[in-house]
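Colleague: I have just opened this model and would like to learn how to read it. Could you take me through it one feature at a time?

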Amino acid sequence: MIISNLLRIKNNRKKGFSLVELIISVGTLSVAGAFILLFFAYSKDINTRSFDLDNSVYYSNYIIESIKAEIWDDEPTDNSLKIESLSQQDGIVKEIYFNKDWEIIETQEDAEYIMEFYLDNKDEIAMGKGLYDLRITVTKKNPYFRSMTVNRTLYTVETKVFISTEEGDSLD
Amino acid sequence: MKRRGSSSTEFILTMLLLILFSLATISLVVSASGAYRGSEETIEDESQIRVAQSYLYTKFRQNMEVNRISVESLPGVEEKGIVITDTVLGEDIKTIIFHHEGYLREGVFLSNTEFNPTSSYPIASLEKLNINMIENKGIDFETISVEGKSFKGFIAFIPK
């Protein structure tokens, strides 16, 4: 008797999905989909950050090496690091601006990345060269994905460089 | 008397919702796979250019002396290559780094043997390698990836 009642109840149930079931499924799928797409967005963001760090390191290396070789007229310094009187400089000596694709641009307004140079003369002269503390800092103007930090420091490097102080060279 | 079973309107509505559900699922799968593929390609591309840049920096740092390193035109290769001369177990050898058929390649040759681009092995996949030697100062180089991303590098010669 009980079994036959249970079978009748089972047979009376409507077959297929109800509207509520369907809405719940679509809702669940949407939430899962949003998380999946968010995962890709985070992955892309991490990739962008590592590419930015790479570029910061390589450009900083480029500057340090070109100072060592006293090449002032090459990119990215492009002759503009030829400082007239380093001993009188305080704070930021120079800024180089890059756009989103890490191409050098002229103005700060359109810049996404800013590379700042600080030079401090240690007044030690050897073989016609002065010893300087050089610090390079790379900052990103706009925040990364789902971040609020503006002007984030991407990379900082400090080193000592010998720069020629003889007449006719890059310094007074 | 109430009719039992679904009306055709209910059936159509259910089918529409099912179609909507299927389309949403398909579009999610397609966009997710597209995003994954794109992301994977970009990561691979950047990884290749990183390998190339890192390899070049290491090679240059190990051999950055005016007399040991030169930039030369190579037979059978469009772009100029880097030639590093060295002596190993009394034999003069040349390590030649060059870009050929989409790859940054390295070949090691005895100094009296002729250069052959096929006798080399690939280091990293690259679209282009620009090298410019600045006399007695250093080597300026740029690696360009397949997707067009580029890294610039400069290495100064070690002063004597």
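Colleague: How many residues does the contact take from chain A and from chain B?

Modeller: Contact means heavy atoms within 4.5 Å. In this predicted model, the contact takes 27 residues from chain A and 31 residues from chain B.

Colleague: What area do chain A and chain B bury between them?

Modeller: The size of an interface is often given as the accessible area lost when the parts come together. Buried area is that loss, taken with a 1.4 Å probe and summed over both parts. Here chain A and chain B bury about 2600 Å², with 68% of it on carbon and sulfur atoms.

Colleague: Before we go on, what ground rules apply to the numbering and the values?

Modeller: Residues are numbered from 1 along each chain as its sequence is written, while chains are lettered from A and ligands numbered from 1 in the order in which they are written. Since this is a predicted model, local features need pLDDT of at least 70 and side-chain atom pairs count only at pLDDT 80 or more, while totals for chains, interfaces and linings use all residues; side-chain values use heavy atoms, with hydrogens and water left out.

Colleague: What average pLDDT does chain B have?

Modeller: pLDDT is the predictor's confidence in each residue, from 0 to 100. Where pLDDT is low, the predicted coordinates should not be read in detail. Chain B averages 88, and 95% of its residues score at least 70. For the complex, the predictor gives an ipTM of 0.78 and a pTM of 0.77.

Colleague: How many helices and strands does chain A have?

Modeller: Helices (H or I, at least four residues) and strands (E, at least two) are DSSP runs, numbered from the N terminus. Chain A has 2 helices and 5 strands, in the order α-α-β-β-β-β-β from the N terminus on.

Colleague: How many salt bridges are there between chain A and chain B?

Modeller: A salt bridge is a side-chain nitrogen of Lys or Arg within 4 Å of a carboxyl oxygen of Asp or Glu. The count between chain A and chain B is 2. One of the pairs is Asp54(A) with Arg50(B), at 2.1 Å from N to O. Arg61(B) and Glu65(A) also meet in a salt bridge, at 3.5 Å from N to O. This pair crosses between chains, from helix H1 (residues 8-63) of chain B, which holds Arg61(B), to helix H2 (residues 19-68) of chain A, which holds Glu65(A).

Colleague: Are Arg61(B) and Glu65(A) buried or exposed?

Modeller: Buried means under 20% relative accessible area, exposed over 50%, and partly exposed in between (1.4 Å probe, protein chains only). Arg61(B) is partly exposed because its relative accessibility is 43%. Glu65(A) has a relative accessible area of 5%, so Glu65(A) is buried.

Colleague: Which salt bridge joins Arg50(B) to a residue of chain B?

Modeller: Arg50(B) forms a salt bridge with Glu46(B), at 3.6 Å from N to O. Both lie in helix H1 of chain B, 4 residues apart, about one turn of the helix. Arg50(B) is partly exposed at 23% relative accessibility, whereas Glu46(B) is buried at 2%.

Colleague: Which residue forms a salt bridge with Glu106(B)?

Modeller: The partner is Lys59(B), with the closest N and O atoms 3.4 Å apart. The pair links distant parts of the chain, with Glu106(B) in strand E4 (residues 103-110) of chain B and Lys59(B) in helix H1 of chain B, 47 residues apart. Glu106(B) is buried at 5% relative accessibility, and Lys59(B) is buried at 18%.

Colleague: Where is Gly153(B), and which residues is Gly153(B) in contact with?

Modeller: Gly153(B) is in strand E8 of chain B, and Gly153(B) counts as buried because its relative accessibility is 0%. Leaving aside neighbours within four places in sequence, the contacts of Gly153(B) include Tyr62(A), Gln53(B) and Tyr57(B). Gln53(B) is 100 residues from Gly153(B) along the chain, with 7.8 Å between their C-alpha atoms.

Definitions and conventions. Buried area = accessible area lost by both parts, 1.4 Å probe.
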